[in-house]
Amino acid sequence: GSASRDRLRIAIQKSGRLAEPARSLLAACGLSWRESRDRLFCYGESLPVDLLLVRDDDIPGLIADGVCDLGIVGRNELDEQAAGRARIGLAPAYRELRGLGFGQCRLMLAVPEDWDWQGPRQLQGLRIATSYPAILAAWLERQGIQAQVVELSGSVEIAPRLGTADLICDLVSSGATLRANQLKPVETLLESEAVLAGPAQGFDDARAGLAQMLLRRMDGVLQLKDRKLLMFNAPRESLPALQRLLRDAGPLIELPAENGEVALQTMCESAAVSWQRLEELERAGARGLMVLAVERTLS
Ligand code: ATP
Ligand code: MG
């Protein structure tokens with residue numbers, strides 16, 4: 001359980017893949033900090049929300065122990081530690097509050113390239129190297145397979161060549177590391193991304209309101225990710241053709257305009273308002289096309 005506090009404390013990765021995107025996300029939510037000399041603790045200036053910069057492995061434990069209130073960490077790390085806790089009979093002390101849309105990767109089984117993969121049954125009696133022993137053990141159990149889990153903290157992908165394991169279970173994003181080690185991915189155990197994690201039980205002090213406000217802002221930021229506002233004018237008779245071109249956009253909102261024209265606006269994915277699309281809209285009668293970045297939304 002966590003002691004009562006009137007400031008919210010968020011743990012993020014100090015350096016590594018999630019460090020920069022986590023800070024940008026929190027900054028987009030209106031947070032700013034005074035940097036400390038040791039760069040381990042950042043005091044919140046705009047709001048009573050402080051940052052703790054740590055190794056990602058430490059984040060689930062910091063939340064479980066109530067040292068931090070929230071954390072931004074890979075689902076892989078969060079689930080691994082939850083599975084590890086479950087194995088020794090501990091309750092899950094934290095939960096995933098939001099998927100954050102960055103740090104995507106998969107926890108996968110990968111086998112030597114020359115294997116003829118025929119499915120999980122093939123794993124019976126083999127040795128699998130991984131940094132995710134608890135997730136792997138739980139998966140093997142569900143599959144009804146007995147295999148030996150070889151726990152390694154790093155360089156898992158060289159284990160088959162060293163002869164310390166027959167195959168591996170590791171994080172994969174592009175697959176380049178696997179290819180460089182003559183391995184191929186064959187099964188996905190977990191689809192992962194960075195997540196916002198919080199305590200299993202909510203807060204009962206000033207932190208409750210702060211956490212709620214932060215979540216609402218974060219939802220606004222996540223909703224707007226890659227969204228643009230498209231605005232233009234057009235003669236009323238071009239409307240059906242323009243609507244057809246904008247099928248993949250949000251609802252087209254009509255605003256009053258002058259001399260037989262309509263003013264239109266719609267929210268859409270950035271990809272839906274490429275230069276080519278704007279040129280097509282122009283040929284169909286649109287004038288004064290504008291694509292605007294959307295800063296904030298509250299809904
Ligand atoms: P730390 O020093 O904080 O322990 P780390 O080496 O454990 O750092 P990183 O390599 O920075 O961690 O990865 C952090 C997270 O990024 C991973 O836990 C995972 O969720 C995500 N990630 C995305 N793509 C990959 C990938 N290809 N390999 C490893 N992690 C990835
Ligand atoms: Mg780590």
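In this predicted model, helix 7 (residues 206-224) supplies 4 residues to the lining of the largest cavity, the largest share. The lining is made up of Leu-31, Leu-47, Val-49, Leu-210, Met-213, Leu-214 and Arg-217. By residue class, 6 of these count as nonpolar, 1 as charged and none as polar. Arg counts as charged, so Arg-217, which is in the lining, is the charged member. The space in the largest cavity comes to about 30 Å³, and the structure holds 1 cavity of 30 Å³ or more. Such empty space is found by rolling a probe the size of a water molecule over the atoms.

Two further residues have computed accessibilities, listed here.

| Residue | Relative accessible area | Class |
|---|---|---|
| Ser-238 | 10% | buried |
| Asp-57 | 30% | partly exposed |

Ser-238 sits in the loop that runs between strand 13 (227-235) and helix 8 (239-245). Ser-238 is classed as buried because its relative accessible area of 10% falls under the 20% cut-off. Leaving aside residues up to four places away in sequence, Ser-238 touches Ala-284 and Gly-285.

The metal site comes next. Which residues coordinate the magnesium ion (ligand 2)? Asp-56 and Asp-57 do, each through OD, at 2.1 Å. Of this pair, Asp-57 has a relative accessibility of 30%; that value lies between the 20% and 50% cut-offs, so Asp-57 counts as partly exposed.

Note on methods
Residues are numbered from 1 along each chain as its sequence is written. Chains are lettered from A and ligands numbered from 1 in the order in which they are written. This is a predicted model: local features need pLDDT of at least 70, side-chain atom pairs count only at pLDDT 80 or more; totals for chains, interfaces and linings use all residues. Side-chain values use heavy atoms; hydrogens and water are left out. On a 1 Å grid over the protein atoms alone, a cavity is a set of points where a 1.4 Å probe fits but cannot get out, and a pocket is an open set with protein on both sides within 12 Å along at least five of seven lines; lining residues have an atom within 4 Å of a point. Grid points are joined across faces, edges and corners, and a volume is the space filled by probe spheres set on the points. Helices (H or I, at least four residues) and strands (E, at least two) are DSSP runs, numbered from the N terminus. Buried means under 20% relative accessible area, exposed over 50%, partly exposed in between (1.4 Å probe, protein chains only). Contact means heavy atoms within 4.5 Å. Donors are N, O and S atoms within 2.8 Å of the metal (3.2 Å for Na, K and Ca); water is not among the atoms, so sites may look incomplete.
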